[in-house]
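Hello,

Here is the structure for your files. My notes on what turned up follow below.

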Amino acid sequence: MTTDRMILGENCVYSTDPAETGINNNVIVCGSSGCGKTLSISEPRLLETCHSSLITTVTKRRIVNKYKPVFLKRGYAVQDLDFVDPSRGNVGFDLLCCVKTDKDISFLAESIVNADPRKNRSNADPYWDESAISLLSAIIKYVMITQHECTFTDVLEMIDRLEFKDGSSQIETNYDKKFELLARRDPTNFAVTCWKSFRLLPIKTASCVFGVLNTAIDTIFSKELRETMSMENQVDIERLAMRRTVLFITTSPVNPSLHFFINMFYAQIFKRLFEFAENRPDGMLPVPVHVLCDDFATGGRILNFPDYISIFREKRLSVTLMLQSESQLESMYGADDATTIINNCDTYIYMGGMDLKTAQRISTRLDAPLDEVLYMPIGQELIFRRGARPIVTKRYDIFSNVLWQRITRQYEERIAREER
């Protein structure tokens with residue numbers, strides 16, 4: 001089996017064939033902002049991807065425009081998903097594309113309502129979120145039953161039009177007749193059972209539940225995101241697993257709502273790829289898929305990610321997680337889940353930073369004084385690989401890479417022609 005190489009640092013190039021290395025291909029890259037994660041880790045990954053599928057998040061369109069022609073020449077299908085300006089991409093992403101069962105609906109609704117990472121640090125009664133998840137599930141199911149070729153924008157529009165008032169014994173809404181008709185046809189329908197829970201609430205409680213749902217919707221779904229869900233061509237997740245494909249995801253470094261959505265998007269991607277592999281006779285993806293997650297711990301939690309990462313290897317799925325510090329990961333996922341994530345990454349690259357807790361942990365792994373880690377020279381990095389001694393090296397000098405030089409020169413020449 002032909003596999004890609006993994007460039008991690010100066011003179012540190014490894015195979016991605018687990019049968020050869022004996023370890024998984026999950027990588028954590030930990031370093032403060034500006035330490036060179038993009039140039040020394042992300043771009044080398046793009047250069048070396050020739051045999052597997054790749055999903056990568058970028059904040060600079062330059063990366064997409066530079067590497068699109070490269071992958072097309074390699075025979076790849078290129079999917080360009082731009083959440084900042086959908087017109088620049090060639091695919092959109094509709095959240096309903098991953099929904100096949102009632103459990104999928106619940107998973108999606110939970111991902112949306114809990115997308116804001118502040119909820120993980122809140123002591124608020126989970127009742128409000130659970131009720132909002134139930135309400136959203138009812139609307140999603142209703143739309144999917146009653147509308148042909150629906151998208152999640154139809155769900156959002158139904159939420160936008162929802163009105164209710166205090167009735168004689170329970171709240172009254174403008175959708176009561178719709179759900180009553182559905183109940184007469186199928187009283188055990190998932191949409192009906194979820195809707196009944198909302199209808200039985202007192203008016204003040206219902207207002208709070210609806211407020212929780214509306215806050216989540218307003219926080220996440222911008223005009224641009226709604227546009228991506230209505231595009232004619234949509235991300236083909238199964239194609240990623242069936243043939244060599246690269247999916248570029250353009251996001252914004254200064255838009256928190258996009259961070260929330262990206263991690264919700266990843267939750268859907270991981271779940272769908274896992275299920276696709278599970279339904280195959282050998283339980284594996286036909287084509288290995290690697291996911292390059294930039295700023296992994298700056299958005300919301302990826303639902304069930306600590307569970308998924310522990311079984312990625314057997315599905316031929318792997319991730320590179322870019323972090324600024326272990327404390328950042330712990331803040332997002334909690335101490336136990338953060339430890340689970342780190343323990344399931346057989347490669348760890350430390351590129352320096354000012355976080356004391358991270359430095360203390362690295363000094364323990366390295367079995368070296370703390371000051372050697374805290375005052376590590378700029379450009380130096382530490383590589384930990386399961387089953388091997390730590391390596392002290394320099395970050396990879398991509399500027400000396402002949403292939404990178406050629407690709408960069410071709411890109412600059414193309415830009416110059418376009419500007420003339």
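Is Glu 278 buried, exposed or partly exposed? Glu 278 is partly exposed, because its relative accessible area is 43%. On this scale, buried means under 20% relative accessible area, exposed means over 50%, and partly exposed lies in between (1.4 Å probe, protein chains only). Glu 278 is found in helix 12.

First, the ground rules. This is a predicted model, in which local features need pLDDT of at least 70 and side-chain atom pairs count only at pLDDT 80 or more, while totals for chains, interfaces and linings use all residues. Residues are numbered from 1 along each chain as its sequence is written, and side-chain values use heavy atoms, with hydrogens and water left out.

**Overall**

The protein has 19 helices and 13 strands. Both are DSSP runs, numbered from the N terminus: helices are H or I with at least four residues, strands are E with at least two. The C-alpha trace spans about 75 × 50 × 50 Å along its principal axes. The radius of gyration is 23 Å; a compact globule of 420 residues would come near 22 Å, so the two agree. That radius is taken over C-alpha atoms, and the globule rule is 2.2 Å times the number of residues to the power 0.38.

Of the 420 residues, 55% count as buried. The accessible surface comes to about 19000 Å². Carbon and sulfur atoms hold 49% of that surface. Areas come from the Shrake-Rupley method with a 1.4 Å probe; for residues, only the protein chains shown count as cover.

Contact means heavy atoms within 4.5 Å. Take the contacts with a separation of 6 or more: 74% of them join residues 24 or more positions apart.

On charges, there are 51 positive and 55 negative. Their mean positions are 4 Å apart. Lys and Arg count as positive, Asp and Glu as negative; His and the chain ends are not counted. The place of a charge is NZ of Lys, CZ of Arg, CG of Asp or CD of Glu.

**Cores**

A nonpolar core here is a set of buried Ala, Val, Leu, Ile, Met, Phe, Trp, Tyr and Cys residues joined through side-chain atoms within 4.5 Å. The largest has 110 residues. Ile 112, Phe 152, Phe 221 and Phe 305 have the most contacts inside it. Helix 12 (residues 256-278) gives the most to this core, with 14 residues. A second, separate core has 18 residues, among them Phe 71, Tyr 76, Ile 398 and Trp 404. In soluble globular proteins, nonpolar side chains tend to be buried together.

Phe 152 touches both Ile 112 and Phe 221.

**Single residues**

Val 289 sits in strand 9 (residues 289-293). Val 289 is buried, since its relative accessible area is 1%. Leaving out residues up to four places away, its contacts include Ser 53, Ile 55, Leu 240, Leu 273 and Arg 316. Val 289 and Arg 389 are 100 residues apart in sequence and 28 Å apart in space, C-alpha to C-alpha.

Two phi angles deserve a look. Most residues other than glycine have a negative phi. Arg 316 has a positive one, near 65 degrees. Arg 316 is in the loop between helix 14 (312-315) and strand 10 (317-323). Glu 149 also has a positive phi, of about 55 degrees. Its place is the loop between helix 5 (127-146) and helix 6 (152-161). Glu 149 is exposed, at 69% relative accessible area.

Asn 174 lies in the loop between strand 7 (171-173) and helix 7 (176-185). Asn 174 counts as partly exposed, at 38% relative accessibility. Arg 161, Leu 162 and Glu 163 are its contacts, not counting residues up to four places away. From Asn 174 to Glu 163 is 5.8 Å, C-alpha to C-alpha, across 11 residues of sequence.

Thr 408 is in helix 19 (residues 402-419). Thr 408 counts as buried, because its relative accessibility is 11%. The C-alpha atoms of Thr 408 and Tyr 142 are separated by 50 Å.

Best wishes
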